[in-house]
Amino acid sequence: MKQSPKRKLCRKVGSQLQAYYDGQLPPEKAIRVGEHIKWCESCSRKLEAYSQLSQGLRKIASDELNHLKPFSFWPAIRARLVNQTVSFKPRLGRMRLWFRPRPVWIGLTVSVVVLLIIFFSTLVIPSKLPANYCRIESISAPEHQLMIYQEKTDGFTIIWLLE
Amino acid sequence: MTVDEDSALVHGCLKGSVDQFQGLVEKYQYRIYLLVYGIVLDRELAKDLTQEVFIKAYQSLKSFKGKSSFYTWLYKIGFNLALDAKRKRSRRPQIELDESREATLVGAQSHVQPDREALRGELYTMILRGMEELTLTQRTVVLLREWEGYSYQEIAGLMKCSVGTVMSRLHYAREKLREYLKPYLKGNL
């Protein structure tokens, strides 16, 4: 069944009624809606309902504020803020979160330190570290200055040659 | 107080002066209370939450960058806290009826025609009950429009949705309220 032009117009205006009521329609559209509601009972009743709702809501807000005033939230808020230690010092933020002590970091650090000690312990400066034991087959020419350390262990005589 | 004065007070607070926060509290406390009350519909809870909003705002002051107004930033804190509080509570009638409103309802149930004032009081009470029937987003958009007077664009910005969505939510909220309140609206609208 075809809708009458008036009914079609009513549906179209109906969708704009709310924006008209809230003053959010462009002027030319607002004029058209204003003209429509002069003769359309259905749309004007809807508008009246919006108006009553708004009045009711405003009255509720007003009642609530009258109930509340002259109460101020400040004394209670101040008391809580003063008791708290709120610091606005610069924080490292995320970096600080990452670098706070954690077991995994401590474990990793200790492991790295031990490995470094072992690694550097193998890089012995000949004059300071003992060589593996060996049998001396020959001694080089006297022009070489040698310092010989002897230590007995397990029945073997170990001679360290240091130069 | 202007927006610049808000920024100056925030700056003062960040330097460690708690008392600088007083100006901001006294300026916005009632608006925040209304916002929170509109969502939770419980006076005592709304009072507690209003305090929490400002405490949390003070603790988070460093994160206020000044990109929006201080109230917009404060509103978001209030909205989120109220929403969380509302969700934690079980769904039950939240409306606090004071004695005068209860008497009006009792009177309305009698066969005597209630007077104009009584009918109006009943309407307001029923509006609150009707608000409880709305979804939280519908309720929020109604409050922002009716209590805060924000435009559709401003509401869309606050709720992070389109203007069309705002209009749609507002439309459905009002239709729902209109349907709920039909017996109470003048002329049965």
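The legends below walk through several close-up views of a predicted two-chain model.

**How to read the views.** This is a predicted model, in which local features need pLDDT of at least 70 and side-chain atom pairs count only at pLDDT 80 or more, while totals for chains, interfaces and linings use all residues. Residues are numbered from 1 along each chain as its sequence is written, chains are lettered from A and ligands numbered from 1 in the order in which they are written, and side-chain values use heavy atoms, with hydrogens and water left out.

**View 1. Chain B is built from helices.** Chain B holds nine helices and zero strands, and its elements run α-α-α-α-α-α-α-α-α from the N terminus on. Helices (H or I, at least four residues) and strands (E, at least two) are DSSP runs, numbered from the N terminus. Of the 189 residues of chain B, 52% count as buried. Here, buried means under 20% relative accessible area, exposed over 50%, and partly exposed in between (1.4 Å probe, protein chains only). Contact, a word used in several views, means heavy atoms within 4.5 Å. Among the contacts in chain B with a separation of 6 or more, 62% come from residues 24 or more positions apart.

View 2. Six helices and two strands make up the secondary structure of chain A, in the pattern α-α-α-α-α-α-β-β along the sequence. Chain A has 163 residues, of which 24% are buried. For contacts in chain A between residues at least 6 apart in sequence, 33% join residues at least 24 apart.

View 3. The size of an interface is often given as the accessible area lost when the parts come together. Chain B and chain A bury about 4400 Å² between them, 65% of it on carbon and sulfur atoms; this buried area is the accessible area (1.4 Å probe) that two parts lose on being put together, summed over both. On the chain B side, 49 residues are in contact with 39 residues of chain A. Between the two chains there are 19 residue pairs in polar contact (both at pLDDT 80 or more). A polar contact is a pair of N or O atoms within 3.5 Å; within protein, one must be able to donate a hydrogen and the other to accept it, and residues adjacent in sequence count only if both atoms are side-chain atoms. Helix H1 (3–14), H2, helix H3 (43–59), H6, H7 and H9 of chain B each supply at least two residues of the side that touches chain A. The residues of that side divide into 27 nonpolar, nine polar and 13 charged. In this count, Ala, Val, Leu, Ile, Met, Phe, Trp, Tyr, Cys and Pro are nonpolar, Asp, Glu, Lys and Arg are charged, and the others, Gly among them, are polar.

View 4. Side chains of opposite charge can pair when their charged atoms come close. A salt bridge is a side-chain nitrogen of Lys or Arg within 4 Å of a carboxyl oxygen of Asp or Glu. B:Arg174 forms one with A:Asp22, with the closest N and O atoms 2.8 Å apart. B:Arg174 lies in helix H9 (residues 163–180) of chain B and A:Asp22 in the loop between helix H1 (5–21) and helix H2 (27–39) of chain A, so this pair joins two chains. Both B:Arg174 and A:Asp22 are buried. B:Arg145 also forms a salt bridge with A:Asp22, at 3.2 Å between the closest N and O atoms. A:Asp22, B:Arg145, B:Glu146 and B:Arg174 are linked in a network of salt bridges.

**View 5. A:Gln18 reaches across to chain B.** A:Gln18 is found in helix H1 of chain A and counts as buried, at 3% relative accessibility. Its side chain reaches the backbone nitrogen of B:His171 at 2.8 Å, and a polar atom of that side chain lies 3.0 Å from the backbone oxygen of B:Met167. Leaving aside neighbours within four places in sequence, the contacts of A:Gln18 include A:Tyr50, B:Tyr152 and B:Arg174.

**View 6. B:Lys86 and B:Glu132 pair within chain B.** The side chains of B:Lys86 and B:Glu132 meet in a salt bridge (3.1 Å, N to O). This pair links distant parts of the chain, with B:Lys86 in helix H4 (residues 70–88) and B:Glu132 in helix H6 (residues 116–133), 46 residues apart. Both B:Lys86 and B:Glu132 are buried.
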